[in-house]
Amino acid sequence: MSSPPPPELTAWAPSSPSASVDAGLSGSPSPSTSPAPAAKGGTALPPPPQLDEAFLSRFQSSFEKNHWSDNNALWKDNVVHEPRVPTPADNEVRWDVKNYVPNVESFLGRPNSDAKRSLQTLIAGGQMRNVLFHGAAGSGKTGLMTAFVKEFYVETVEDGRLTMKDCVYSTTGEEVAAHVKKFQKAVESWKKKLDHKVKKTGVVPALKCVMIDALDNVPPALQQTVRLLMDSYAEENVRFLFTASTPKSLVEGIRQRAYILGLKRLPEKEMLDIALNTLVKNRIGYEKDGIELLFKYTGEDLGLIYRTIQDIFVKHAYLSYENVMKITFPELAKKPKEIPYDAVLQPIPRCTKCLLPPPCQHISPFDLAVQARERRRQLPKWGVGSMVCARFKETGCCNSFNKVGRCSCTHPLDIHTVIFPQERCPVCSLPKPCGKCEYTKRREELSKFLEDNTNQLPQYGSRVREVEELGNNKVKSGQQNEAQNEKVMERVELCRSGLEKLKEQLRQIGGWVNNNEKCTDNSLYAAKMKWIRGNVEQAFYQIDRALHEWRPRRDRDKEDGRGAADSVTTGSTRRRGGAGRG
């Protein structure tokens with residue numbers, strides 16, 4: 001038995017097209033919109049969703065989500081139209097201190113709202129407490145502590161008779177660690193001056209505090225001195241404010257006596273917005289690549305961002321990639337800029353055979369690399385002091401020379417490092433040297449043999465000079481006839497010419513190895529190795545043999561590693577042995 005067909009539904013439609021649009025965008029139904037009719041089954045269809053701004057704000061494009069995108073509105077809204085040059089006033093005050101928030105309410109960051117409410121409660125109540133501000137570098141600990149003290153002074157003390165400097169003593173953890181006794185005396189001196197002014201003016205301030213920035217730089221043993229000061233001045237309503245990276249870096253006695261407030265860094269997007277607003281406000285020119293490199297160096301440390309911007313602007317007046325690199329990574333800034341080999345030839349013409357842009361099946365990357373080397377060699381290079389081609393300095397390519405064959409600027413080759421394609425083994429296709437194929441091992445063995453024996457040539461050169469000296473001495477001694485003297489001089493000449501011939505042979509084989517990098521013939525490498533090894537052994541043997549025969553016996557024993565006592569002992573043993581046998 002078949003089930004009855006479902007009831008037909010009537011589609012809901014507004015009374016007019018314009019009414020539906022107005023109702024959806026306004027957030028409230030239009031009076032001209034008719035109610036949804038009921039279906040034949042008696043069930044009314046739900047009305048369409050009302051589209052308002054709050055609903056649409058939940059949707060973001062990829063450009064809006066990525067604040068480093070070129071199309072993000074953040075970069076379009078923060079353009080510096082008239083950049084200025086630095087003045088001496090730009091280096092008088094640190095910009096991280098200059099940009100401290102004026103009050104607690106101005107402190108940014110949704111995760112820090114609880115800390116802000118706690119401080120505002122203390123200000124409203126007019127009661128100062130020991131407070132520890134902790135958080136990562138750049139989270140705003142020092143700025144919030146300073147703003148809290150200023151606002152507390154304005155709300156509770158300010159009447160013209162006591163200044164904020166009278167009520168607050170400020171120092172750093174580094175100064176306390178370096179001179180702890182000096183710190184104690186300075187606090188006592190500040191307290192005496194404050195008591196004298198209070199007695200003189202009759203004003204009893206609610207704000208009497210000691211500020212210590214980065215207390216975690218003080219060793220735990222010296223932190224006990226700070227704890228003792230807190231206890232000694234507690235009855236006189238003197239309070240202590242500290243900053244530290246984490247509460248665990250402080251001794252337990254300080255943590256128990258302080259109200260602990262944790263702070264968190266701002267998200268990267270908010271810090272980027274602050275940095276760009278600072279650049280626009282101070283009319284500092286910048287490049288997007290330079291800002292990206294700046295954030296890679298500073299991370300999420302807002303104070304370091306301010307200080308780095310100030311250093312770059314004061315020294316270089318413009319936040320380009322190169323200028324930021326000089327301040328943030330000076331060692332890398334000195335290194336030549338790396339460019340790909342094909343950038344030297346831009347624009348590269350298409351292949352005349354297949355009409356495809358190289359590299360293709362007719363023009364390999366290695367062919368382009370050869371052309372790039374030749375093109376860099378052809379670039380014009382003028383004298384010292386000539387203007388460097390700006391396009392070449394930036395990209396490694398001179399469009400003017402590549403198009404018309406001339407350029408009036410100079411092109412120094414030491415400012416770039418060209419990255420050429422890595423060659424691969426023709427047998428196993430691994431990057432050279434692969435170390436797996438037999439011809440590679442033979443080639444490395446031959447190269448090592450040539451290098452070792454080339455390094456021995458100076459040593460054998462001095463030995464040849466010794467052979468010449470010994471030969472001349474034998475001829476001058478007059479103990480030999482004329483035929484023997486001729487043989488001595490022939491032998492000296494043979495040693496000299498053999499060494500010179502060996503030098504030329506080693507140079508030739510080395511040149512063959514360098515010029516035949518694509519050779520994969522194992523037998524050819526073996527034949528070259530066998531031939532040069534025989535020549536080396538023959539030349540060195542002639543020199544060593546002549547020295548061994550012509551040197552005095554004492555020098556021969558010293559060369560062989562035996563002393564005079566060993567020679568005498570060996571001789572007497574031989575004589576005794578001979579007498580016994582007789």
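Analyst: What follows is a set of questions and answers on this structure, which is a predicted model.

User: Which residue of S5 is the bridge partner of leucine 132?
Analyst: Leucine 132 belongs to strand S1, residues 131-134, where Leu132 and His134 point one way and Val131 and Phe133 the other, with all of them buried. Within S5, the bridge partner of leucine 132 is isoleucine 260.

User: And which residue of S4 is the bridge partner of histidine 134?
Analyst: S1 also pairs with strand S4, residues 239-244, in the parallel sense and over 4 bridges. In S4, the partner that histidine 134 meets through a bridge is alanine 244.

User: How far is arginine 239 from the nearest side chain of opposite charge?
Analyst: Arginine 239 has its place in strand S4, and its side chain reaches the backbone oxygen of alanine 234 at 3.4 Å. A salt bridge requires a side-chain nitrogen of Lys or Arg within 4 Å of a carboxyl oxygen of Asp or Glu. Arginine 239 is buried yet has no salt bridge, and the nearest side chain of opposite charge, that of aspartate 231, is away by 9.4 Å.

User: What distance separates the end C-alpha atoms of helix H21, and where is the kink in H21?
Analyst: Helix H21 covers residues 438-477, and at 1.5 Å a residue its 40 residues should span 58 Å, which agrees with end C-alpha atoms that are 56 Å apart. A kink of about 35° lies in H21 shortly before proline 458, at leucine 457.

User: How many residues apart in sequence are the parts that arginine 496 and glutamate 468 tie together?
Analyst: The side chains of arginine 496 and glutamate 468 meet in a salt bridge, at 2.6 Å from N to O. Arginine 496 lies in helix H22, residues 482-515, and glutamate 468 in helix H21, so the separation in sequence of the parts tied together is 28 residues.

User: Is aspartate 96 buried or exposed, and what is its relative accessible area?
Analyst: Aspartate 96 and arginine 307 meet through their side chains in a salt bridge of 2.9 Å, N to O. This pair links distant parts of the chain, with aspartate 96 in helix H5 and arginine 307 in helix H15, 211 residues apart. Arginine 307 is partly exposed at 29%. Because buried means under 20% relative accessible area, aspartate 96 counts as buried, its value being 7%.

Notes
Residues numbered from 1 in each chain as written. Predicted model: local features only at pLDDT ≥ 70, side-chain atom pairs only at ≥ 80, totals over all residues. Heavy atoms only, no water. Buried < 20%, exposed > 50% of the residue type's maximum accessible area, 1.4 Å probe, protein only. Helix = DSSP H or I, 4+ residues; strand = E, 2+ residues; numbered from the N terminus. Pairing = 2+ DSSP bridges. Expected span 1.5 Å × (residues − 1). Bend = angle between axes of the 7 residues up to and from the residue. Lys, Arg positive; Asp, Glu negative; His and termini not counted. Polar contact = N/O pair within 3.5 Å; in protein donor to acceptor, adjacent residues only side chain to side chain.
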